[in-house]
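Student: I have just opened this structure and would like to go through it with you. Could we begin with how the chains meet?

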2 protein chains.
Amino acid sequence: MEIKIVKTTTPKEKPAANALGFGKYFTDHMFVMDYSVEKGWHDARIIPYGPFEFEPSCMVFHYGQSIFEGLKAYKGADGGVLLYRPYENMKRMNRSNDRLCIPQIDEDFAVDAIRQLVLLDKDWIPEGEGTSLYIRPFVFGTDNALGVHPSHTYKFIVILSPVGSYYAGGLSPVKIWVESEYVRAVRGGIGAAKTAGNYAASLKAQEVAEKKGYSQVLWLDGVEQKYVEEVGAMNIFFKIGGEVVTPVLNGSILGGITRDSVIEVLRGSGYKVTERKISIDEVHEAYKNGKLEEVFGTGTAAVISPVGELCYKGEKMVINNNEIGEVSQMLYDTITGMQKGAIEDKYNFTYKI
Amino acid sequence: MEIKIVKTTTPKEKPAANALGFGKYFTDHMFVMDYSVEKGWHDARIIPYGPFEFEPSCMVFHYGQSIFEGLKAYKGADGGVLLYRPYENMKRMNRSNDRLCIPQIDEDFAVDAIRQLVLLDKDWIPEGEGTSLYIRPFVFGTDNALGVHPSHTYKFIVILSPVGSYYAGGLSPVKIWVESEYVRAVRGGIGAAKTAGNYAASLKAQEVAEKKGYSQVLWLDGVEQKYVEEVGAMNIFFKIGGEVVTPVLNGSILGGITRDSVIEVLRGSGYKVTERKISIDEVHEAYKNGKLEEVFGTGTAAVISPVGELCYKGEKMVINNNEIGEVSQMLYDTITGMQKGAIEDKYNFTYKI
C-alpha cells in the first residue's frame, strides 16, 4: 500500500529544548490509516497534524477499545536518525490488538510508515541530553454506535512529540509506593496489553501515592496481592545479593521492550539475571538483611529510573543511600549510548532510517 | 447554572419502530458541559447532535479516563414522560467519577439537564412493545497531552437513542458461557465502576463465546475464578430451591440499578432474596439435584433476560426447559409496567418529567 503524503503549508515553531517536558508538543505531521471490514486497512496517509471530527457516539469514548505503543527516535552522532527496536513495538502492538479484538496491522508496513513520518519531521528531533522524539502509534474503534461488541471500523494514527526527561529530575532516584489496596491487573485480564483501560485503572492509586510524596506506584499481583508486578509506566528490577531479579511475565504484566533490552545487556555484561516470582516480603527481607543493593525501573519514557525508596505498608526502605546505583548507571549509559549511536550496538537494537 | 439551548434547524427523519435495534440512531439534540480546573463545570448547553473536533493527542484515546451511564425514558399511558430512577444513575456516575479521578457532577443539575434534553426530543420516544428512549450520559478526559495522570479538562455529554430490544429476540431465554479463562475484574480494580476499560476487557471472551453460539459471558471472580460475578451487560440471579440468590456486591461487580430494583420488587412480592457469594460449583450442584429453577440477568438495556442455558467447562445446564420462568416473567411485567406507567409504582422508581 502506498502512503500518500500531504505536507503542511504552515509549519509550527519548535519549542525550546528546556521547555519540552513529556508529550506536550507535537510535530507538523502525523500518519493515519483507516480500517473497515470491506476494505481492510486502507487510505494510508501522512498529513498535517491536526484534529479529527468524532461523533459523540464514537465507540472509543464509551468502551475503550484502544491500544497504543511508545518508542523513540534519536539523532545519531553522524547526523543519521535511529529508531530503537521498532519491530518489537509493532509485534507488541499486534499482541495488544489481538487481546482487544482489533484487526492486525502489517508490522513491516507500520515500521515503514513510522520511518517515513520521522524522516519528514526529522528537524523536530531534539538533541540535548535526555531528549528524543517520542513516537506514539495508537489504534482505536470508531463505529458510531452503542452496544458492547468489537468495532467494525478503526483508525491507526502515529503522532510524534519532542520530549525531555519523563521525570522532571532526569536520572535521579525516585520514591515508589508499594500499593496494597488497589490492583492494576490480574491473570486472565488485560494487564499484558498496552491498552487504555490499564492506565485508567492506575490513576486513583497514583493520585493517592503522589499526595504522600511518591512519584509512582509499584503494583502487586491481583490474586494474592503479594507478588511484585510492575510500576505502571515501567517494569521493575531488584539487585539482591549480587543477582538481578525481575518479575517473570505472567500474563498480567506488560512485557517492556526496555525490560527485554536490560536483561540482554545485563547478561551480555556478565550479570546473572533471573525472571521469576518475587514477593514483596522477599524484597523486604533482603532489605532488612542488607542484601537489597539496587532497585530500578525500566521503560521507554524514562529508560532507566533508579529507585531510592520503597514504602510498603508504612515501612520505608531506603535503597543504596538514595543514590544512583552502579548497575542502573551502567544500563542507562549503555542503552542511551546505543540509542544515540554513541557506543557500539552489539545487540542490534538500533535501526537506522 | 443556566442551560443554554440552541435548537436544530434541520431535524432528522425518525427511524421506523421495527428498525430501531440498539444504539444505532440518535436524536436531534445533545447536552454538553465542559470542565476546567479554573472554571469547574461550565458552559452547560443543549445543542444540535453532531460531531466534535478532537486532537489525536486527546487523552481519552490513549488512557481511557472515561465513564458512562445508561438509563431509559418511556412515554406513559397518559402521554407524560417517565424516567426510571435517574438519581440512582447520577449517584453511580459520581462513584465511577471518583474511582477514575474525574471531578464530581452535581446530581440534581445532571438530572435536570437530562429532563430538559428528553423533553426537547420527546417526539423521539418510541412507543412500541419493548422500545424506549435510551439515555447515555458520559464523561471523559480531554487534555491534549501524553503522560499518565488525570486530565485537567473534561466533557460531560448526554446523547439519546431510540431503541428496540437489546437482544434481537426480545424476552426469550439466552445462552450464557461461563468464562473460566478470561477475567473481567478483580477486587481493588475498576470492576465496580462503569468505565470504558471494563468493557474493552470483556470483548475477547465475548467474541470466543459468540463463536460457540453463546450470546453473553458469565464472569467468575478474579481471585479464585470460582465465584459468580456478573454478565458484562447484566447482573445475574439464580432461583435455587425456592430462594432467589444473587452475588453480593464485592467491589468488582457493577451495582446495577435494575439489580437493585429486582431485589426490592422480589422482596415486595414475598420472595426471599439473598445477596451472597455463590460459587459456580454450587450452581452446578443445584442443577444436578434439580434445584436450579430459574436463572436470569438484569440490566437497563434488556431489563430482564431469562437464561435458558449455562455452559461451564463443556457441561451444558439447560434451565427451566429453556423457557421463560415465572419469576422472570413477573419481574419483566412488573418493572416494564412501572417504567411505562401502566401499573402502579409502589416503589417510587419512576420519575415523571
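Tutor: Between chain B and chain A there are 26 residue pairs in polar contact, both residues being at pLDDT 80 or more. A polar contact is a pair of N or O atoms within 3.5 Å; within protein, one must be able to donate a hydrogen and the other to accept it, and residues adjacent in sequence count only if both atoms are side-chain atoms. This is a predicted model, in which local features need pLDDT of at least 70 and side-chain atom pairs count only at pLDDT 80 or more, while totals for chains, interfaces and linings use all residues. Residues are numbered from 1 along each chain as its sequence is written, chains are lettered from A and ligands numbered from 1 in the order in which they are written, and side-chain values use heavy atoms, with hydrogens and water left out.

Student: How many residues are in contact, and what area is buried between the chains?

Tutor: In contact (heavy atoms within 4.5 Å) are 60 residues of chain B and 60 residues of chain A. The buried area is about 5200 Å², with carbon and sulfur atoms giving 63% of it. Buried area is the accessible area (1.4 Å probe) that two parts lose on being put together, summed over both.

Student: How many salt bridges are there between chain B and chain A?

Tutor: There are 2, where a salt bridge is a side-chain nitrogen of Lys or Arg within 4 Å of a carboxyl oxygen of Asp or Glu. One of them joins Lys204(B) to Asp98(A), whose closest N and O atoms are 3.2 Å apart.

Student: How do β4 of chain A and β4(B) run?

Tutor: They run antiparallel and are joined by 3 bridges; two strands pair if DSSP finds at least two bridges between them. Glu53(A) has Glu53(B) as its bridge partner.

Student: Changing topic, how is chain A divided?

Tutor: Chain A has domain 1 (4-163) and domain 2 (174-345), with bounds from an automatic or database domain assignment. Their C-alpha centres lie 27 Å apart. The contact takes 28 residues from domain 1 of chain A and 24 residues from domain 2 of chain A.

Student: What area do these two domains bury between them?

Tutor: They bury about 2000 Å², 54% of it on carbon and sulfur atoms. Phe68(A), Tyr84(A) and Arg92(A) supply 30% of the area that domain 1 buries against domain 2, more than any other three residues.

Student: How many salt bridges cross the interface of the two domains?

Tutor: The rule finds 2. Glu264(A) also forms a salt bridge with Arg85(A), with the closest N and O atoms 3.9 Å apart.

Student: Where do Glu285(A) and Lys288(A) lie?

Tutor: Both lie in helix α6 (residues 280-288) of chain A, 3 residues apart, about one turn of the helix. Over all chains, the structure holds 34 salt bridges.

Key
Helix = DSSP H or I, 4+ residues; strand = E, 2+ residues; numbered from the N terminus.
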